[in-house]
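Opening the notebook on a new model today. I want to go through the core, the sheet and the pocket in turn.

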Amino acid sequence: MNLILLGPPGAGKGTQARRLEDTRGLVQLSTGDMLRAMVAEGGPLGQQAKDIMAAGKLMPDELMVQMIAERISKPDVTNGFILDGFPRTVAQAEALDKMLADKGLKLDHVIEMKVVDDILVDRITGRYTCAKCGKGYHDTFEKPKVEGVCDVCGSTEFKRRADDNAATVTTRLSQYHEQTAPILPYYRDRGVLKTVDGMAEIDDVTKQIEALLAA
Ligand SMILES: [Zn+2]
């Protein structure tokens, strides 16, 4: 089973992908990781990629698709893959489909974790953790039982991630929408686009995804 999982930063996409790796033996393929690995291996494709990056140019679609083709031919990808970070344009989506078809494969599902931007921003920007034990809290949704004291370890020091501020999160969200907007209609037209409620609880999202995959 071959999937694309689409979800903005902060919607728990990584968690869902890891669960799919565990439950279905899928391999998550991040194009960034693949590129780095390919360059490190130093084969002909890797050398080409290295030269392109050194020149500060964009990777051509063809090279990206070839890289994915090589990666999914490796023996660990027997049960299928979850592709992350690609495609981002219709031309890339078409090239990917063609490459898969040539291998007798296809994308089975493109799963979009739909979110409500404003609410997601609230969720992310309210997050903080105990500085000592790492227990996660939230300004609105998960306060410590005693204000300013960690439930788990009693510490009174907490920290926030610098990039969890509203401006950063809003920027990341709009980048995500820009990147996915072109390919959503493409996959919708081909009947493979499915939507789950990305605002639901993590376990509930997993259930929704499992239900889609089982259908
Ligand atoms: Zn603590």
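My entries follow, in the order I looked things up.

**Core.** I am working from a predicted model. I started with the largest nonpolar core, which has 35 residues. Leu 83, Leu 96 and Tyr 187 have the most contacts inside it.

**Tyr 187.** What is Tyr 187 in contact with, leaving aside its neighbours within four places in sequence? I found Ile 4, Pro 87, Ala 93, Leu 96, Leu 107, Val 110, Val 192 and Leu 193. I also noted a second, separate core of 21 residues, with Leu 26, Ile 82, Met 199 and Val 205 among them.

**Sheet.** I then looked at an open, antiparallel sheet of 3 strands, ordered S6-S5-S7. S6 (136–138) and S7 (158–159) each have a single partner strand, so one side of each is left without a neighbour in the sheet. S5 (127–130) pairs with S6 over 3 bridges, and I see Thr 129 standing opposite Gly 136 of S6.

**Pocket.** Last, I turned to the largest pocket, with a volume of about 710 Å³. Its lining counts 27 residues, and Gly 10, Arg 123, Arg 127, His 138 and Ile 202 lie nearest the centre. S5 and S6 turn up again here: each supplies at least two lining residues, as do helices H6 (117–125) and H9 (202–214). By class I get 11 nonpolar, 6 polar and 10 charged residues in this lining.

Definitions and conventions: Residues numbered from 1 in each chain as written. Predicted model: local features only at pLDDT ≥ 70, side-chain atom pairs only at ≥ 80, totals over all residues. Heavy atoms only, no water. Core = buried A, V, L, I, M, F, W, Y, C linked by side-chain atoms within 4.5 Å. Buried < 20%, exposed > 50% of the residue type's maximum accessible area, 1.4 Å probe, protein only. Contact = heavy atoms within 4.5 Å. Pairing = 2+ DSSP bridges. Helix = DSSP H or I, 4+ residues; strand = E, 2+ residues; numbered from the N terminus. 1 Å grid on protein atoms, 1.4 Å probe; cavity = no way out; pocket = protein on both sides within 12 Å on 5 of 7 lines; lining within 4 Å. Points joined across faces, edges and corners; volume = space filled by probe spheres on them. Nonpolar A, V, L, I, M, F, W, Y, C, P; charged D, E, K, R; others polar.
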